[in-house]
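Q: Can you walk me through this one? I have the sequence and the model open.

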Amino acid sequence: MFLGNWIRKIAILACLLLLLSCQGKNQLPNNQAQVKVARVVSGQSLEVLGMAEQPNLISQVRLVGIDAPDLRQRPWGEQAKEQLENLIGSGEQLVTLEFDLEAKDKIGRTLAYVWKNKILLNEELVKQGNALFIARSPNHKYDQRLERAQQWARLMGQGIWNPEKPMRLTPAEFRRQYL
């Protein structure tokens, strides 16, 4: 009887160890995905590899909660793109996408907060004055962080908030006027 209990406990322990060893080492929560950046398209969008089941398929990602200047809004559009490239780094760098309530925009791009080395890139673009904070319903997870970053950029006269060379039209106004 004693030997039977002992064998049963060893069998249960072995099963638990086997289950633990089968789990991935760095599993991400369901609302996150780790992807490779194929290229930075603009100050607010990326092309990435590794979404879903097709690791070699390129997917479009739009940074949620921000509106960066259009590339034709010189010099701010290029500055925003360059800052995002610098934050990500050269080559096919890994970033973590974090999703909020709405996963896609109306043209099919994935909406995400982008993290690299524990830095929220959406927030960093706003903080350096290279993008505007835009609250977009229903995705509001980091609205307070983004709004504070924008207040700081305005106070410090960063990027688009530079009093000597301010951006006159918001990106949305620019697109309505020139596209």
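Q: Ground rules before we start?
A: This is a predicted model, in which local features need pLDDT of at least 70, side-chain atom pairs count only at pLDDT 80 or more, and totals for chains, interfaces and linings use all residues. Residues are numbered from 1 along each chain as its sequence is written, and side-chain values use heavy atoms, with hydrogens and water left out.

Q: How many residues are in the largest nonpolar core?
A: It has 26 residues. A nonpolar core here is a set of buried Ala, Val, Leu, Ile, Met, Phe, Trp, Tyr and Cys residues joined through side-chain atoms within 4.5 Å. Buried means under 20% relative accessible area, exposed over 50%, and partly exposed in between, with a 1.4 Å probe and protein chains only.

Q: Which residues have the most contacts inside that core?
A: L46, L84, I88 and L97.

Q: And which strand gives the largest share of the core?
A: Strand 1, with four residues. Helix 2 (76-88), helix 3 (121-127) and helix 4 are among the elements that each supply at least two. Helices (H or I, at least four residues) and strands (E, at least two) are DSSP runs, numbered from the N terminus.

Q: What does L84 touch beyond its sequence neighbours?
A: Leaving aside neighbours within four places, L84 contacts V40, S42, G43, Q44, S45, L46, L63, L121 and L125. Contact means heavy atoms within 4.5 Å.

Q: Q44 is on that list. Is it buried or exposed?
A: Q44 is buried, at 10% relative accessible area. It sits in the loop between strand 1 (32-42) and strand 2 (45-49).

Q: What is within reach of its polar side chain?
A: A polar atom of the Q44 side chain lies 2.6 Å from the backbone nitrogen of A68. Q44 also contacts residues including V61, R62, I66 and R175.

Q: Switching to strand 5. Mostly covered or mostly open?
A: Mostly covered: four of the five residues in strand 5 (94-98) are buried.

Q: Which strands does it pair with?
A: Strand 5 pairs antiparallel with strand 1 over five bridges. V95 is the bridge partner of V35 there. Three bridges join strand 5 to strand 6, also antiparallel. L97 stands opposite V114 in strand 6. Two strands pair if DSSP finds at least two bridges between them.

Q: Now the rings. How many aromatic pairs?
A: Three. Rings of Phe, Tyr and Trp (its six-membered ring) pair if their centres lie within 6.5 Å; planes under 30 degrees apart are stacked, over 60 edge-to-face, and the rest tilted.

Q: How do W115 and Y142 sit?
A: Their ring centres are 5.8 Å apart and their planes at 70 degrees, so the pair is edge-to-face. W115 is in strand 6 (110-116) and Y142 in the loop between strand 8 (132-133) and helix 4 (143-156), so the pair ties together parts 27 residues apart in sequence.

Q: Are those two buried or exposed?
A: W115 is buried at 18%, and Y142 is buried at 12%.

Q: What about F174 and Y178?
A: That pair is tilted: 4.8 Å centre to centre, 40 degrees between the planes. F174 and Y178 are four residues apart in helix 5 (171-178), about one helical turn. F174 is buried at 10%, while Y178 is exposed at 52%.

Q: Which rings link into a cluster?
A: Y113, W115 and Y142.

Note on methods. Polar contact = N/O pair within 3.5 Å; in protein donor to acceptor, adjacent residues only side chain to side chain.
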